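Subject: Model handover and notes

Hello,

Here is the model we talked about. My notes follow below it.

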Amino acid sequence: MSNKKTALVVGSGAGGAVIARELQGRYQVTILEEGGDFKPFSLPIGKLAALRRTGVFLAERMIRLLLPNMRVEKTKDMVLVRGIGLGGTSTLATGNAVRYDGSIRALGIDLDEQFEELYRELPITTEHQKHWTDSTRKMFQMFEQMGLNPLVTPKLMWAPQCVECGHCAIGCPTGAKWDTRALVEEAVKNGASLVTDCRVTGLDIENKTVKAVHALHHGRRETYQADLVILSAGGLGTPVILQHSGIPTSGSLFVDPVLCVAGPREGLGQDRQLLMPFISQQDGFILSPYMDYLSFFFNRSWRLPMRNIASIMIKLADEETGDTDGRRIDKSMSSDDQRQMDKAVDMSREILERMGVPEKEQFLGTLNAGHPGGMLPLTEKERDTLHHSVLPDNLYVADATILPRSMGNPPMLTIMALARKIAALL
Ligand SMILES: Cc1cc2nc3c(=O)[nH]c(=O)nc-3n(C[C@H](O)[C@H](O)[C@H](O)COP(=O)(O)OP(=O)(O)OC[C@H]3O[C@@H](n4cnc5c(N)ncnc54)[C@H](O)[C@@H]3O)c2cc1C
């Protein structure tokens, strides 16, 4: 029998997949994943769009009928989105690979080496610019003319395979987009075990050691044991497991709220465009072209055919003031968040106006968010260990939960760099 130490990794998204791939070999790894295989959106969008008039798309939660791995939860004033299944939320991501570790560096945590490794190993590229459609090029020029300093987005993708279908966030049909399922596959090839449909519910802790991990596997109670446990169930999943195990979390949830400002623009064809091909960084938010499927199906203002809609996304760095206990998510826009959002909406309206969309015809999307994190934030105290003192000695957290601040920016690459650093410390 092997006397290799064992590790349980909970979740297979940005944090979990990296940890599992890095640890397998040094440890015998088992991945416990709540969901199953990722299933892309496979129905004809045109026909479904026609159904919008019948009022069949009642509530955002129904998106699961179209995209089973997308979980949608509602707070008082926004819709929260995450991916449950192999690859976690990375399967729904638009593939943006942005380094954004200023708040982590400010704590004295240096991720240079980890980012360099990720740039070396992953298909991160701006080559997609060569394949941009006319409408993307024109939008880029418009941003430039307005002094918004747009930068081509580095993407996790094999650019030559991209057919500019605009389906990045609902299941790339050509395999051009990279997501963390590739790392899970590698870990499994190297001997890791993968248990899907296995929702971890809590941990037994004795003498500052995790003794057992409790889960529902295909709905049946199971118990797992290992020398080391890593929670990577995401910014909404991990805090709940910690709380159910008697470990307090802080009410510092951020989510990076997203709002699209849109309007009619006959034949623009933004539906057949790489999502977020470029980004304009502003103070506290970003602006980027984005076709918003949630608003398109569930927001009554979005009744036009997709090809005739121009849409600019605002993504905001929000105040870290939310909380969840698993039953309820308490998160709303603070007055500062709203002030920032109003400023961003005004800028987006001006962009659209210059694109030929009169302000009186413009409409807003549904306020939503897909970057939850921050409920066990790193501080200077964890600078060298990346391990909080409230955690048992053999328990680590490696996902968005430990990010110290909201970014208002794509966080996946930074979460992966942090997870690599944690793996190196173990
Ligand atoms: C539509 C959309 C587009 C996005 N696009 C980008 C982008 O282009 N670039 C970018 O950087 N970021 C993007 N993001 C955000 C990014 O995907 C997430 O921030 C990132 O994946 C979070 O990583 P994580 O490891 O914290 O959690 P996740 O990737 O969400 O992984 C959590 C994993 O844990 C599993 N899990 C949850 N609870 C349990 C449990 N109790 N037991 C077992 N398993 C559990 C889940 O199934 C999942 O596999 C996007 C998000 C959305 C919603």
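By class, the shell around the ligand holds 17 nonpolar, 20 polar and five charged residues. Here Ala, Val, Leu, Ile, Met, Phe, Trp, Tyr, Cys and Pro count as nonpolar, Asp, Glu, Lys and Arg as charged, and the others, Gly among them, as polar.

Two points on conventions. This is a predicted model: local features need pLDDT of at least 70, side-chain atom pairs count only at pLDDT 80 or more, and totals for chains, interfaces and linings use all residues. Residues are numbered from 1 along each chain as its sequence is written.

**Ligand shell**
Of the 42 residues around the ligand, Gly11, Gly13, Gly88, Gly237 and Gly370 come nearest. A residue is near if its C-beta atom, placed from the backbone, lies within 6 Å of the molecule. The elements that give two or more residues to this shell are α1 (14-23), β4 (79-83), β9 (198-206), α8 (234-244) and α11 (412-425). The most come from α8, with four residues. Helices (H or I, at least four residues) and strands (E, at least two) are DSSP runs, numbered from the N terminus.

**Helix packing**
Two packed helices are described by the angle between their axes and the distance between the axes. For α1 and α7 (residues 181-189), the angle is about 25° and the axes are 8 Å apart. Axes are lines fitted to C-alpha atoms, for helices over the stretch in contact, and angles run from 0 to 180 degrees between N-to-C directions. The two helices are therefore roughly parallel to each other (angles under 35 degrees). Ala17, Val18, Ala20 and Arg21 of α1 meet Leu183, Val184, Glu186 and Ala187 of α7 (contact: C-beta atoms, placed from the backbone, within 7 Å). These contact residues divide into six nonpolar, no polar and two charged.

**Strands**
An open sheet of three strands runs in the order β9-β10-β11, with antiparallel pairing. Strands pair if DSSP finds at least two bridges between them. The edge strands are β9 and β11 (220-224), each pairing on one side only. The twist averages 25° from one strand to the next. Five bridges link β10 (residues 209-217) to β11. Ala215 has Glu222 of β11 as its bridge partner.

Elsewhere, β14 (residues 278-282) runs antiparallel to β6 (residues 151-152), with two bridges. Leu151 stands opposite Ile279 there. Three bridges join β14 to β15 (residues 285-289), also antiparallel. Gln281 faces Ile286 in β15. What phi does Gly284 take in the hairpin of β14 and β15? A positive one, near 90°, with two residues between the strands.

Best regards

Technical notes: Parallel < 35°, antiparallel > 145°, perpendicular 65-115°, else oblique. Contact = placed C-beta atoms within 7 Å.
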